[in-house]
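Biologist: Hi! Could you walk me through this model while I have it on screen?

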Amino acid sequence: MRFQSPVIAPMKAEQERKMRKEEDESLIIYLKKEVEAALLRTDSLEKENQDLRQEVVRLKAQISSLKAHDNERKSMLWKKLQNPFDSSKTEVFQQKQSDFVKVSERSVEHSSPRPSIQELAARKEKLAKVPNPPPRPTSVAPPSLKEAKDNKLPPASAPPPPPPPPNMCAGSKAVRRVPEVVEFYRLLTRRDAHMENRTNSAAIPVLAFTPNMIGEIENRSSYLSAIKSDVEKQKEFINFLIKEVESSAFKDISDVKAFVKWLDDELSSLVDERAVLKHFPQWPERKADALREAAFNYRDLMNLESEVSSFQDNPKDLLTLALGRMQALQDRLERSIDNMERTRESMIKRYRDFQIPWEWLLNTGLIGQMKLSSLRLAKIYLKRITKELQLNECAGEDNLLLQGARFAYRVHQFAGGFDAETIRAFQELKKIGMCSLKQ
């Protein structure tokens, strides 16, 4: 045994090393599989998280628009309930009551004495709302497949995509990438990497309604009886609105705006729109909300685009004030477009399902037009800085150059390039900047 031990010991050690190596290899293979499985789970969770974030952004935008609309309704409701108890506003009260009831058979004379709450309730029970006809769209959308089957007509073929607006076609061709903007901006940022000039947009105050006011309104017996009266007496009127909303189909977003305005005017005759409509389960709430969302989003974007397009710089204003106004306007423009682009796919899908125009959400529609409108801000911004540098050659020159380069780079990336006029404004600023860098 003593003679064999020197030979057996290395063999055992070698076997142990092989066993440990095999165990390590098997452990490594197992860990690799675990890592791959974890990566797959991580990828799926990241995709799910991204989808949830997009859905949250879309729901927040929808909630904000619905809150604004709900606040308008509550303010109107509060005025309706407060005005009957104000004895100093008799004639205004009578006029509002006549608008609220909208009686086609007879009208209340302005010289008549103010009726009491009981008389108003009794009068409302006798008279039903006569709906006004909805506005007719300028272009009728093709009938749905269900309507085509009901009318025994073959379904219409899909219409060709609408051509982009003429001004958009001309603008998109004139805009091109300018690499000099990126190079000049990076040159200045490398020269002074610590210089920053951020502007914080002013917070927009949000109209708030206290819970006490809502509780006071809901606890009024006259309010509850008025809701009950609307539910009982306005059935035909609400059923008419239900049919109009369900059968609505549009090709032009301006027709959606007109329809939503008509719908809101008609529903404003109810004491409380949501309190009454919840008693009608057939009310197409999802389509009505989608119509309102589309109309409000389009209106807000059009107002912002008009504000940017009509912006004028006042040379008498202080430089910091003028530049701050342009930067704040660009902030609003980018924020609005970014919110739209984040939820664009889900919005387009819902609008298609409800036959609501969606082409304005594309880059060839209003969204692209708003991006090009930012070139106007860039041109005015660069010209203002160039003029200031020419008048005051040494006062804060580096800071102004960096501000101009940063804003030019920002708009260049946002709009996808510059047009000829903006390129000329940038070249003038760059000429001054290169001269100062050589000194």
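**Chat about the model**

Biologist: Where does Arg384 sit, and which residues does Arg384 contact?

Modeller: Arg384 belongs to helix H15, residues 366-391. Helices (H or I, at least four residues) and strands (E, at least two) are DSSP runs, numbered from the N terminus. Setting aside neighbours within four places in sequence, the contacts of Arg384 (heavy atoms within 4.5 Å) are Asp313, Asn314, Pro315, Asp317, Leu318, Leu319, Ala322 and Leu323.

Biologist: What about Ser374, buried or exposed?

Modeller: Ser374 is also in H15, and Ser374 counts as buried because its relative accessibility is 0%. Beyond four places in sequence, Ser374 touches Val308, Gln330, Leu333, Val411, Phe414 and Ala415.

Biologist: Why does a lysine like Lys371 count as buried?

Modeller: Lys371 counts as buried because its relative accessible area is 16%.

Biologist: Okay, new topic. How many helices and strands does the protein have?

Modeller: There are 17 helices and zero strands. The protein has 439 residues, of which 36% count as buried. Of the contacts between residues at least 6 apart in sequence, 81% join residues at least 24 apart.

Biologist: Which residues touch the most other members of the largest nonpolar core?

Modeller: Those are Trp283, Tyr351, Trp360 and Phe418, in a core of 84 residues. H15 gives the largest share of this core, 12 residues. By nonpolar core I mean a set of buried Ala, Val, Leu, Ile, Met, Phe, Trp, Tyr and Cys residues joined through side-chain atoms within 4.5 Å.

Biologist: At what angle do H10 and H12 pack?

Modeller: Helix H10 (residues 253-267) packs on H12 at about 120°, and their axes are 9 Å apart. Axes are lines fitted to C-alpha atoms, for helices over the stretch in contact, and angles run from 0 to 180 degrees between N-to-C directions. The contact residues are divided into 10 nonpolar, no polar and three charged. For those classes, Ala, Val, Leu, Ile, Met, Phe, Trp, Tyr, Cys and Pro count as nonpolar, Asp, Glu, Lys and Arg as charged, and the others, Gly among them, as polar.

Biologist: How about H9 and H12, what is their angle?

Modeller: H9 (residues 235-247) and H12 (residues 285-309) pack at about 65°, with axes 10 Å apart. In this contact, Val245, Glu246 and Ser247 of H9 meet Lys287, Ala288 and Leu291 of H12. By class, that makes three nonpolar, one polar and two charged residues.

Biologist: What is the phi of Gln355?

Modeller: Phi of Gln355 is near 55°, a positive value in a residue other than glycine. Gln355 lies in the loop between helix H14 (344-353) and H15, and Gln355 counts as partly exposed because its relative accessibility is 25%.

Biologist: Last one: where does pLDDT stay under 50?

Modeller: One such stretch is residues 84-126, where the model has 49 contacts beyond four places in sequence. Another is residues 194-209, with 16 such contacts. pLDDT is the predictor's confidence in each residue, from 0 to 100, and the protein's mean is 75, with 68% of residues at 70 or more. Where pLDDT is low, the predicted coordinates should not be read in detail.

How values were computed
Residues numbered from 1 in each chain as written. Predicted model: local features only at pLDDT ≥ 70, side-chain atom pairs only at ≥ 80, totals over all residues. Heavy atoms only, no water. Buried < 20%, exposed > 50% of the residue type's maximum accessible area, 1.4 Å probe, protein only.
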